[in-house]
Amino acid sequence: MTGDWTVGTVTAIAPQTPTSRSIDLEVPGWPGNLAGQHLDLRLTAPDGYTATRSYSIATAGAGTRVQLAVDRLPDGEVSPYLVDELIVGDQLEVRGPLGGWFVWRPPADDRSPAEPVQLIGGGSGIVPLMAMARAHAAVASTVPFRLLYSVRAPEDVFFAAELAELARSPHFDIDWVYTRTAPEGWSGSPGRVTRERLAEAVVPAALDPAVFVCGPTGFVETVADLLVELGHPAARVKTERFGGA
Amino acid sequence: MTSHVDGNALAGPLSELFSADMTCASCRCASCGDVADLAEAMVYQKPNTYIVRCHRCGAMLLTIIQGSHRTRLELSGVAALSVPRPGT
């Protein structure tokens with residue numbers, strides 16, 4: 001059961017941004033997971049001290065391989081180890097999959113109502129949304145998906161190449177917010193997400209999208225409040241805050 | 001103490017105590033009567049402690065304290081929990 005801890009082995013590590021990387025784990029007995037679920041990861045020091053953190057899973061579906069993506073928090077206790085020290089072959093204690101609320105399930109069949117989906121991510125908040133985007137692509141879903149991704153600068157984009165590939169689908173669109181530095185040729189000016197930006201880049205409330213918002217607490221609160229102002233019912237806006245600034 | 005996270009973070013600690021996914025349980029606040037999924041509550045984390053507050057009124061709903069050998073669950077502000085039955 002999910003309350004039990006098990007040992008996973010690091011099979012791959014790849015840099016994602018200057019302060020983060022993705023970590024692939026092989027977890028024997030992993031039952032697969034829904035898009036948007038997380039796992040708990042536990043580190044134990046030689047003296048027995050333990051630190052437990054929750055990490056969203058960037059992958060979805062069957063199989064015993066899961067991918068995480070971890071950003072280094074400057075005063076973090078666990079993330080600096082995962083980003084700076086962890087190497088392929090290391091073992092980590094995990095339990096999961098966890099959480100059945102912040103998840104996207106593909107429609108059961110073609111006759112199921114295909115409600116549009118709006119993903120809104122800030123920084124590493126893209127991780128559970130990436131699982132949803134990958135699940136959407138894996139079943140060749142025609143459900144309209146739209147992602148609004150807020151980053152400080154272009155180099156802070158997680159999964160940049162794969163997102164560009166996903167955006168080639170006619171059923172998946174990406175809009176960007178650059179809070180500090182925009183890429184060359186970008187038409188807008190850098191700045192935090194605004195009501196106007198949300199109004200133009202988010203599936204309108206009239207289409208009743210399922211909305212998933214993930215990011216730092218301040219980002220999530222701002223976005224969720226603005227979405228309600230724009231007419232989205234609070235019950236249609238699911239949020240996952242991961243603390244921080 | 002930094003900012004809070006969502007009730008989603010309770011999935012792991014509560015999986016040690018309940019067989020159902022309690023983040024999908026709806027929870028009625030004893031203070032204001034608001035009913036919301038536990039995933040929507042505000043969670044303040046300290047080492048080995050989760051303090052869970054109503055997302056509407058901020059009142060304490062419950063506290064999880066993880067000791068070395070025992071877990072203590074205080075349900076001081078929960079009027080009711082409604083949990084999906086397995087397979088539904």
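Which residue of chain B forms a salt bridge with R95(A)? In this predicted model, the partner is E16(B), and the closest N and O atoms are 2.5 Å apart. Two salt bridges are counted between chain A and chain B. Polar contacts between these chains come to 10 residue pairs, with both residues at pLDDT 80 or more.

Which elements of chain A supply at least two residues each to the side that touches chain B? They are β3 (38-44), β6 (91-98), α5 (217-229) and β11 (237-241). The most comes from β11(A), with three residues. By residue class, the side of chain A that touches chain B divides into six nonpolar, 10 polar and five charged.

Now the interface as a whole. Contacts link 21 residues of chain A with 18 residues of chain B. The area buried between the two chains is about 1400 Å². Carbon and sulfur atoms give 48% of that area. On the chain A side, R95(A), W101(A) and R241(A) lose the most area to chain B. Together they account for 38% of what that side buries.

Turn to chain B itself. It has one helix and eight strands. From the N terminus on, the order is β-α-β-β-β-β-β-β-β. The radius of gyration of chain B is 12 Å, close to the 12 Å that the globule rule gives for 88 residues, so chain B is as compact as a globular protein of that length. Its C-alpha atoms fill a box of roughly 35 × 30 × 20 Å along the principal axes. Of the 88 residues, 43% count as buried. Among contacts in chain B between residues at least 6 apart in sequence, 44% join residues at least 24 apart.

Definitions and conventions: Residues numbered from 1 in each chain as written. Chains lettered and ligands numbered in written order. Predicted model: local features only at pLDDT ≥ 70, side-chain atom pairs only at ≥ 80, totals over all residues. Heavy atoms only, no water. Contact = heavy atoms within 4.5 Å. Buried area = accessible area lost by both parts, 1.4 Å probe. Salt bridge = Lys/Arg side-chain N within 4 Å of Asp/Glu carboxyl O. Polar contact = N/O pair within 3.5 Å; in protein donor to acceptor, adjacent residues only side chain to side chain. Helix = DSSP H or I, 4+ residues; strand = E, 2+ residues; numbered from the N terminus. Nonpolar A, V, L, I, M, F, W, Y, C, P; charged D, E, K, R; others polar. Rg over C-alpha atoms; globule rule 2.2 N^0.38 Å. Buried < 20%, exposed > 50% of the residue type's maximum accessible area, 1.4 Å probe, protein only.
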